[in-house]
Amino acid sequence: MRFLLERFLLSRRYTGARRRAVEFRRVLRRAPHTVSVFLELDDPYSYLLANYLDELASRYAVELRVYLAEALPGAHRPTPGLYQEYALADCRQFAGELGIPFLDKGRTPPVEYRRALLDLLAARDGSETFATELCHCIAAYWRGDAEAVARRCRGTHGSPAAKTMLDRNRALLARLGHYETATLQYGGEWYRGVERLHYLVARLDALGLRREP
């Protein structure tokens, strides 16, 4: 019985019905097609995904809501040091395949500016330019461009606003039903990393949201 239930829940028929129900409720609320994106400054997977957000927003009639967050602590990263080592090697190779510059201006991210970058972004939180600023900051960080990061952080002063922002967005991530960053959410479904982005694009195509052929 459990096998049959799992098979039904994973079937295209159930998925299609659930998605139609989601869209029906969205229409009733007169809500926009909203894609929520959770990025983490220290996460190279977030950097790779950030490279595609402008194109996603320009090609599809969706409202992007971009949040700077941190992954929830827990069993999904039982050995953080090994995870970071693997993520770095994996993203370096992945970036090469995608043609995205990765640590091309330095051998490591300028971690000494991490706090200043978070403070800078916290000061811009809620502004119309926040998503753009976040993508620029995360790009400079993961290209190892210490000079560009230093210029951006000049005049930034420490404040508790960064922790407040990260805590709030991490709580939102948990409330929506996920624990990891470099994730996108649309209509109750999650898409992690740039390698899953095509599944979201296919769904948006099915809804007729592409702005042009």
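Which residue forms a salt bridge with R18, and how far apart are the closest N and O atoms?

**Entry 1: ground rules.** I am working with a predicted model, where local features need pLDDT of at least 70, side-chain atom pairs count only at pLDDT 80 or more, and totals for chains, interfaces and linings use all residues. I number residues from 1 along each chain as its sequence is written, and side-chain values use heavy atoms, with hydrogens and water left out.

**Entry 2: salt bridges.** I looked up R18 and found its partner to be E189, with the closest N and O atoms 2.9 Å apart. R18 sits in helix α2 and E189 in strand β4 (residues 189-192), so this pair ties together parts that are 171 residues apart in sequence. Helices (H or I, at least four residues) and strands (E, at least two) are DSSP runs, numbered from the N terminus. A salt bridge here is a side-chain nitrogen of Lys or Arg within 4 Å of a carboxyl oxygen of Asp or Glu. By this rule I get 19 salt bridges.

I then checked accessibility, where buried means under 20% relative accessible area, exposed over 50%, and partly exposed in between (1.4 Å probe, protein chains only). E189 is buried at 12%, while R18 is partly exposed at 29%.

Next I looked at E70, which pairs with R114 at 3.0 Å between the closest N and O atoms. E70 lies in the loop between β2 and α5 (80-98) and R114 in helix α6 (residues 114-124), so parts 44 residues apart in sequence are tied together.

D125 is in the loop between α6 and α7 and R168 in helix α9, 43 residues apart. I also noted one network, in which salt bridges that share partners join D42, E70, R114, K163, D167 and R170.

**Entry 3: the largest pocket.** I took a pocket as an open set of points on a 1 Å grid over the protein atoms alone, where a 1.4 Å probe fits, with protein on both sides within 12 Å along at least five of seven lines; lining residues have an atom within 4 Å of a point. The largest pocket is lined by 18 residues, and R29, T34, S36, Q185 and G187 lie nearest its centre. Helix α2 gives the largest share of this lining, five residues.

**Entry 4: the second largest pocket.** Here too I found 18 lining residues, with L64, R65, V66, F130 and A131 nearest the centre. This time β2 gives the largest share, five residues.
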